[in-house]
Amino acid sequence: MATQDASPSGVSFGTDEETRLILSSLEEFIEAEVAPLEDELGETWTNPRKRHEDDGRFVPEVQDAIQEVRRRSADAGFYAMNLAEDVGGEDVSSVTWYRAIKHVASLGPGLSEFVLAGPEGPKPLLAQAEGDQIESYLLPCVRGEKSTAFAQTEPGVGSDSPNMATTAERDGDEWVLDGRKQWITNAPYADFVQVFARTTPQEEAGRYGGITCFIVEEGEYEVGSLNNAVGMIGMQAELSFDGVRIPADRVLGTEDGAFYDAMAFLSLGRLEIAARAVGLAEFLLNRGVGYANEREAFGRSIGTFQGVSHKLARGRANTFAADAAGLRLAWLMDQGEQAIEESSIVKYLASNVVFDVADDVVQVHGGNGLSEDNPFMDGLQTGRILRIVEGTDEIQLNTIAKQLGVE
Ligand SMILES: Cc1cc2nc3c(=O)[nH]c(=O)nc-3n(C[C@H](O)[C@H](O)[C@H](O)COP(=O)(O)OP(=O)(O)OC[C@H]3O[C@@H](n4cnc5c(N)ncnc54)[C@H](O)[C@@H]3O)c2cc1C
């Protein structure tokens, strides 16, 4: 496990040697193994109109390239390096994982977004796999050979997910699943999905009890319309389960306890969002600074106008604070803390910071900021999305308020 340099006071923000090596190797890997895939795709990658089918789905060449990125990254030991070594991970610390995600995001958008396992890759929830599930689902996912999806949200519930309408009923050696999910990341391409369903009524099991997670294979469910989020076209879709029968050994984790299983990993999801947000904010700020120094108006570089320089300075200050908070959260998680309040604070802070930075960097670029040839509006849309996924701003503030004792 990677440890961080410790100072005499016990607090360190330094990057240890192993993490430094991981970050520089990641950069080399992206240049040597990911950028050529983008080059091969050419306009199919750079032109959003060619990247997608009419319904938003990625065209097959792009799907193949994404899968290839995952496989190469897994071969190189990056893809799921935060997982334990006994399931094929590298057991790196949360601090190192945070830094790695942030670093990749700070290099800018592209196929590199698939280098480190996101919701479509193996997560601690899947790492609970037992028996045949390990060979059939977990390990192929860790090796980047299969991809998955985490299906909780439904047309009727998102934030209030324990109120889900999807049910599963036991029938002999099988479970019968009925319900619909939506906004499920990677649903159009997944080899299998991890589906949350109510297995015991709330009246008996309580609000958070009575929910079970099932592994359901592609072909057993129907992929419906894509939910094309502006800024993330082609990634999410609806799923329907209409009397789907699956064997009893496809329960993942604890029967009736999936919600608690998932809550144990809540902070990790929020940390990952924060890392991505901070990295993207750094990327956008760098581009903003470059443009502010180069672009001239009224006979001087626009960066000499305080109206411009203060936007960038404020962005830097807020990004610095979000980064420090992200590191603190990662450190707490490495101490074995669940860090519920801190993960809400960090997720809320970082996603708002990147949204504000992106908006300011669009403004600094003037008309060019709006051009689809530039990544700034994309950054703004990503920032907007990050304020909704993994718990909205309001849900994070509710958690913080509750921890404060304001109810
Ligand atoms: C790009 C993208 C990817 C996603 N990927 C996945 C995925 O892989 N798997 C998955 O299961 N889901 C996924 N989601 C769904 C996502 O988790 C939900 O959209 C999110 O949890 C919010 O739920 P909702 O959209 O139903 O909004 P709602 O819960 O209906 O909320 C609507 C509004 O009401 C507010 N609100 C609700 N309850 C409260 C409250 N108690 N207090 C204050 N305000 C409240 C919310 O903050 C929000 O502003 C994804 C969504 C998007 C956009």
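Q: At what angle do helix α9 and helix α11 pack, and how far apart are their axes?
A: This is a predicted model, in which local features need pLDDT of at least 70, side-chain atom pairs count only at pLDDT 80 or more, and totals for chains, interfaces and linings use all residues. Residues are numbered from 1 along each chain as its sequence is written. Helix α9 (residues 266–294) and helix α11 (residues 340–364) pack at about 20 degrees, and their axes are 8 Å apart. Axes are lines fitted to C-alpha atoms, for helices over the stretch in contact, and angles run from 0 to 180 degrees between N-to-C directions. Helices (H or I, at least four residues) and strands (E, at least two) are DSSP runs, numbered from the N terminus.

Q: What makes α9 roughly parallel to α11?
A: Angles under 35 degrees count as roughly parallel, over 145 as roughly antiparallel, 65 to 115 as roughly perpendicular and the rest as oblique. The angle here is about 20 degrees, so α9 is roughly parallel to α11.

Q: Which hand does the crossing of α9 and α11 have, and how do its contact residues divide by class?
A: The crossing of α9 and α11 is left-handed. A crossing has that hand if the near helix is turned anticlockwise from the far one by less than a right angle, and is right-handed if clockwise. The contact of α9 with α11 is made up of 21 nonpolar, five polar and three charged residues. Here Ala, Val, Leu, Ile, Met, Phe, Trp, Tyr, Cys and Pro count as nonpolar, Asp, Glu, Lys and Arg as charged, and the others, Gly among them, as polar.

Q: Why is α10 called roughly antiparallel to α11?
A: The axes of helix α10 (residues 306–334) and α11 come within 9 Å and cross at roughly 160 degrees. That value falls in the antiparallel class, so α10 is roughly antiparallel to α11. The crossing of α10 and α11 is left-handed.

Q: What makes M263 partly exposed?
A: M263 lies in helix α8 (residues 258–264). Its count is 13 C-beta neighbours inside 10 Å, so M263 is partly exposed.

Q: Why does G219 count as exposed?
A: G219 sits in the loop between β5 (211–217) and β6 (222–226). G219 has 9 C-beta neighbours inside 10 Å, and therefore counts as exposed. From G219 to F192, 27 residues apart in sequence, the C-alpha distance is 8.8 Å.

Q: How do you know that K123 is buried?
A: K123 is placed in the loop between α5 (94–106) and α6 (132–142). With 23 C-beta neighbours inside 10 Å, K123 counts as buried.

Q: What is the phi of N186, and what makes N186 buried?
A: N186 is not a glycine, yet has a positive phi of about 75 degrees. N186 is in the loop between β3 and β4 (192–198). Within 10 Å there are 21 other C-beta atoms, so N186 is buried.

Q: What is the phi of E390, and why is E390 called buried?
A: E390, a residue other than glycine, has a positive phi near 55 degrees. E390 is in the loop between α13 (376–386) and α14. With 20 other C-beta atoms within 10 Å, E390 is buried.

Q: How do you know that the ligand lies between domain 2 and domain 3?
A: Domain 2 (148–258) and domain 3 (265–404) both give residues to the shell around the ligand, so the ligand lies between them. The domain bounds come from an automatic or database domain assignment.

Q: Which residues come nearest to the ligand?
A: Of the 22 residues around the ligand, Q152, G158, S159, T392 and E394 come nearest. The elements giving two or more residues to this shell are β1 (148–151), β3 (174–185) and α14 (393–404). A residue is near a molecule or strand if its C-beta atom, placed from the backbone, lies within 6 Å of it. By class, the shell has 12 nonpolar, eight polar and two charged residues.

Technical notes: A residue is buried if 20 or more other C-beta atoms lie within 10 Å of its own, exposed if 12 or fewer, and partly exposed in between; C-beta atoms are placed from the backbone.
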